[in-house]
Amino acid sequence: MAQVAKFDELIVNGIRELSKREKEEVLNFIEFIKVKEDKLFIEYVNMRTQKAIEAKKKGKAFYSLEELQREYA
């Protein structure tokens, strides 16, 4: 238990030293870790991947990451 508390302290102290932008990236990464094994998320990624492959074959434009995140949310 003490080892986990020390680990938590190292994480928090490391985050405190980051810039605002870096903290936002950490939050985004944490959210990614939480949802990466979510079945619905995996199905969504697979569906979007298939659409991207089809779009590429047809010479169409791709969505930005922000557009995909808004659509999934």
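What does Glu24 pair with? Glu24 forms a salt bridge with Lys20, and the closest N and O atoms are 3.1 Å apart. Lys20, at 65% relative accessibility, counts as exposed. Both residues sit in helix H2, which covers residues 20–35. They are 4 residues apart, about one turn of that helix.

There is a second pair in helix H2. Here the side chains of Arg21 and Glu25 meet in a salt bridge, at 2.2 Å from N to O. Arg21 and Glu25 are separated by about one helical turn, because they are 4 residues apart in helix H2. Glu25 is partly exposed as well, with a relative accessible area of 44%.

How many salt bridges does a search of the whole structure find? The search finds 2.

On charge in general, the protein has 15 positive and 14 negative charges. Their mean positions are 6 Å apart.

Now to helix H1, residues 2–16, which is where Ile11 is placed. Ile11 is partly exposed, with a relative accessible area of 39%. Together with Phe7 and Leu10, Ile11 makes a nonpolar surface patch of about 310 Å². Patches take residues with over 30% relative accessible area, so Ile11 at 39% passes that cut-off.

Next, the whole chain. The protein has 4 helices and 0 strands, and along the sequence the pattern reads α-α-α-α. Is the protein a compact globule or more spread out than one? The radius of gyration is 18 Å, well over the 11 Å that the globule rule gives for 73 residues, so the protein is more spread out than a compact globule. As for dimensions, the C-alpha atoms fill a box of roughly 55 × 30 × 20 Å, taken along the principal axes.

Last, the surface. What share of the 73 residues is buried? Buried residues make up 7%. The accessible surface comes to about 6800 Å², and carbon and sulfur atoms account for 60% of that area.

To recap, we have a predicted model with 4 helices and 0 strands. Helix H2 holds the pair Lys20 and Glu24 and also the pair Arg21 and Glu25. The nonpolar patch is made by Phe7, Leu10 and Ile11. That is what I have for today.

Technical notes. Residues are numbered from 1 along each chain as its sequence is written. This is a predicted model: local features need pLDDT of at least 70, side-chain atom pairs count only at pLDDT 80 or more; totals for chains, interfaces and linings use all residues. Side-chain values use heavy atoms; hydrogens and water are left out. Patches are made of residues with over 30% relative accessible area and no salt bridge: like charges are joined within 9 Å, nonpolar side chains (Val, Leu, Ile, Met, Phe, Trp, Tyr) within 5 Å. Accessible areas come from the Shrake-Rupley method with a 1.4 Å probe; for residues, only the protein chains shown count as cover. A salt bridge is a side-chain nitrogen of Lys or Arg within 4 Å of a carboxyl oxygen of Asp or Glu. Helices (H or I, at least four residues) and strands (E, at least two) are DSSP runs, numbered from the N terminus. Buried means under 20% relative accessible area, exposed over 50%, partly exposed in between (1.4 Å probe, protein chains only). The radius of gyration is taken over C-alpha atoms; the globule rule is 2.2 Å times the number of residues to the power 0.38. Lys and Arg count as positive and Asp and Glu as negative; His and the chain ends are not counted. The place of a charge is taken as NZ of Lys, CZ of Arg, CG of Asp or CD of Glu.
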